[in-house]
Amino acid sequence: MRKISLIIILFLLIFQYGRSQECDRVLANDIYDINLLASSYIPDSITPIVTIKVNVNVWRENDGTGSYWLDTPAFRDSLKMLFNYLNYQFAVNQIYSDPVSNAEFIPDTKVRFELDTVYYYNDSNLAHSFDSAPLLYMIANYPERLNNFNYHLSLYEGTGTSAAGLATGYNEINQFIISIRQYNQQNLWSFATHMKHEFGHNFGLEHTYSCEVTLINSPEFLRDIFGTQTQSWCNQPSTSVCYHDKGWECDPYDSTNTCTNAVMGGTKDEGHFSALQCGRLHRALRVSTLRKYAYGYFSIPLIISNNQMWDYNGKFYQDIIVDSGATLTISCTIEMVQNAKITIKPGGKLVLDGGVLTNAYVDSTWKGIQVLGNSSVSQLTSGAQGIVELKNGAIISNAV
């Protein structure tokens, strides 16, 4: 078998069709919308480790005082250790304190964080904000810094006494987190636990004690956190479950309460990512705005062995192989990381139906498309050649 020149069948149409806004959807419409179900993204042995690059923004008073995170090597080393702890918590998953029958255990979420740059700002007004004001300031003055995820350390105190955070949540245009009352470098593990919780919101995770989906037949329901039946202690219809208890000091292993060590459980022991929560992490890194800050590549390819339709915008961190007898149809925009390529085997077919294949990063190309076939037989011989078909204004861009 040899690689042959790329033969693309172009359907020239009078009308160019615009790509539907449906391409921007980031949640499944129903349980049959498998392309966007969290269960379709649960990491396995061929899932690449994906890293989010993070800027830490330290806010201070006008005269440069007020923050415990000083601009010194020692304090910068504390931030590096903080990210080491954060990555450990994402890499070493804990067993669930309230086991659910037949629930899959994922030992490693395959999500990591990289501390890129630490910035210091002297502005008393912005230093005491707990809203989007720092983001708006950065948009106006440092738009290039928005290419990384921005984590802000604020001087805002509010009415509480313990650390707290504000996260933009799932699929916001410019993602960020603000943490307050984080000034104890002696307890970096707790700070990392807090960071993990706040990042969870940006991945689309919600509190298991207040706002997570409780309707059992919802496509977003976490059956591996709540179980598949209304709890015996729950005063709800049989179609729903009840939230768990919360509290930083609540003991997940005490049978007299219902708090757990689930990652969004609100306890100091929160450390368990369920398989479906891990699926949400990787769905966000594939389809949500969070993918803008994400990097990674894995040499083991994703093999398309049956017919698939990709009708959503997304990003891929590995090679894609369309196997013999399979057709992959793309109707939205698919971004490919720098080292990734698409291979079409003989008898396989890639159809860009108004879709776009392009690079994931502005400053780099991707490896393009390889079409395999047999140069000694006719291009029209069934199953002997791979096929790429473009129609309805399809585009391939920024490839090698």
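These notes go through a predicted model point by point.

1. Ground rules. Residues are numbered from 1 along each chain as its sequence is written, and side-chain values use heavy atoms, with hydrogens and water left out. In this predicted model, local features need pLDDT of at least 70 and side-chain atom pairs count only at pLDDT 80 or more, while totals for chains, interfaces and linings use all residues.

2. Helix H3. Helices (H or I, at least four residues) and strands (E, at least two) are DSSP runs, numbered from the N terminus. Helix H3 covers residues 133-141, and its buried residues are Pro134, Leu135 and Met138. These residues cover an arc of only 100° around the axis, which puts them on the same side of H3; the arc is that of the directions from the helix axis to the C-beta atoms. Leu136 and Ala140, on the other side of H3, are exposed. Buried means under 20% relative accessible area, exposed over 50%, and partly exposed in between (1.4 Å probe, protein chains only). As background, an α-helix has 3.6 residues a turn, so residues three or four places apart point the same way.

3. What covers H3. The cover over the buried residues of H3 includes strand E3 (50-60), strand E4 (111-122), helix H2 (124-127), strand E5 (149-153) and strand E7 (176-180). Contact here means heavy atoms within 4.5 Å.

4. Aromatic pairs. The whole structure holds 19 aromatic pairs. Rings of Phe, Tyr and Trp (its six-membered ring) pair if their centres lie within 6.5 Å; planes under 30 degrees apart count as stacked, over 60 as edge-to-face and the rest as tilted. Phe113 lies in strand E4 and Phe199 in helix H4 (residues 188-202), so the pair ties together parts that are 86 residues apart in sequence. Phe113 is buried at 4% relative accessibility, and Phe199 is buried at 1%.

5. A second pair. Phe149 and Tyr293 are edge-to-face, with 5.7 Å centre to centre and 80° between the planes. Phe149 belongs to strand E5 and Tyr293 to the loop between helix H6 (275-287) and strand E8 (294-295), so this pair ties together parts that are 144 residues apart in sequence. Both Phe149 and Tyr293 are buried. One aromatic cluster includes Phe113, Phe199, Phe149 and Tyr293, along with Phe90, Tyr151, Phe203 and Phe273.

6. Charges over rings. Lys53 lies over the face of Tyr295, 4.6 Å from the ring centre. Arg145 lies over the face of Tyr142, at 3.6 Å from the ring centre. The test is that NZ of Lys or CZ of Arg is within 6 Å of the ring centre and within 35 degrees of the ring normal.

7. An open sheet. Four strands form an open sheet in the order E11-E14-E17-E20, with parallel pairing. Its edge strands, E11 (314-316) and E20 (395-396), each pair on one side only. Two strands pair if DSSP finds at least two bridges between them. Strand E17 (residues 356-359) and E20 are joined by two bridges, and Leu357 has Ile396 in E20 as its bridge partner.

8. Arg25. Arg25 sits in the loop between strand E2 (8-10) and E3 and is buried, at 12% relative accessibility. Its side chain makes a polar contact of 2.4 Å with that of Asp33. A polar contact is a pair of N or O atoms within 3.5 Å; within protein, one must be able to donate a hydrogen and the other to accept it, and residues adjacent in sequence count only if both atoms are side-chain atoms.
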